[in-house]
There are 2 protein chains.
Amino acid sequence: MDSDMFAALPSPPYYVAIFSSVRTDADATGYGEAAARMIELARGQPGFLGVESARGDDGFGITASYWESEEAIRAWRRHAEHAAVRERGRAGWYRHFELRIARVERAYGWDAGDGPGRTDAPA
Amino acid sequence: MDSDMFAALPSPPYYVAIFSSVRTDADATGYGEAAARMIELARGQPGFLGVESARGDDGFGITASYWESEEAIRAWRRHAEHAAVRERGRAGWYRHFELRIARVERAYGWDAGDGPGRTDAPA
């Protein structure tokens, strides 16, 4: 189950697009369908590595999509169906969003199976 | 209301710590208190810029904390109370987590007040 929630990523460096947004109350069904379709479509893009997403009951959500390169993110941005869905997002689904593009330089994971006493990773 | 959800950040570059986690069902009260305390404590750290956080009903959450420099993230990691809370997290609050440290290179925001027809930002 957890493996569906977390992106399985290679060692850094790679890139991340952090999309923070707050939803309107409008069109939950249309939004949900489009969000699922965008993830399906992203998975087929060159350079796509993985995606993680969470949204709370307050309507605020963060989606982190991971890519091999900045160019892969740019290409995804130019994808016609993605662009059309972004326009629908601005027209009604979102009150506000912020997008940050960043280069991942270090990464560290932990699982309960590792035990609580494990020494923290070097920062 | 939205302004409490989004971090007000300077122009890039700056750094982000992306913490993705899935909670256990244990100790919701203790976890909530500790999470609020960690945000309060982070706000007082040198180089702290802001934080955004979302967790869904499935227990999966993403917290993105923003910092002026990698050194500021390292210093926060060394903070004694933060280290003690991380240990509690590994002992019972989390099933799994991933931490990625990244350098934000570009950023773009949009608000419903901007209107749906606004041209997308240059990638």
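Me: Is Arg90(B) buried or exposed?

Reply: This is a predicted model, in which local features need pLDDT of at least 70 and side-chain atom pairs count only at pLDDT 80 or more, while totals for chains, interfaces and linings use all residues. Residues are numbered from 1 along each chain as its sequence is written, chains are lettered from A and ligands numbered from 1 in the order in which they are written, and side-chain values use heavy atoms, with hydrogens and water left out. Buried means under 20% relative accessible area, exposed over 50%, and partly exposed in between, with a 1.4 Å probe and protein chains only. Because its relative accessible area is 6%, Arg90(B) is buried.

Me: With which residue does Arg90(B) form a salt bridge?

Reply: A salt bridge is a side-chain nitrogen of Lys or Arg within 4 Å of a carboxyl oxygen of Asp or Glu. The closest N and O atoms are 2.5 Å apart, and the partner is Glu87(B).

Me: Which class does Glu87(B) fall in, by accessibility?

Reply: The relative accessibility of Glu87(B) is 32%. Glu87(B) therefore counts as partly exposed.

Me: What is the N to O distance in the salt bridge of Arg37(A) and Glu81(A)?

Reply: The two side chains of Arg37(A) and Glu81(A) meet in this salt bridge. Arg37(A) is in helix α2 (residues 28-43) of chain A and Glu81(A) in helix α4 (residues 80-93) of chain A, so the pair links distant parts of the chain, 44 residues apart. Arg37(A) counts as partly exposed at 30% relative accessibility, and the N to O distance of the pair is 2.7 Å.

Me: How do α2(A) and α4(A) run, roughly parallel or roughly antiparallel?

Reply: Axes are lines fitted to C-alpha atoms, for helices over the stretch in contact, and angles run from 0 to 180 degrees between N-to-C directions. The axes of α2(A) and α4(A) come within 11 Å and cross at roughly 155°. Angles under 35 degrees count as roughly parallel, over 145 as roughly antiparallel, 65 to 115 as roughly perpendicular and the rest as oblique. That makes the two helices α2(A) and α4(A) roughly antiparallel.

Me: How many salt bridges does the structure hold?

Reply: The count runs over all chains. One of the pairs is Glu71(A) with Arg78(A), at 3.0 Å from N to O. Over all chains, the number of salt bridges is 16.

Methods
Helix = DSSP H or I, 4+ residues; strand = E, 2+ residues; numbered from the N terminus.
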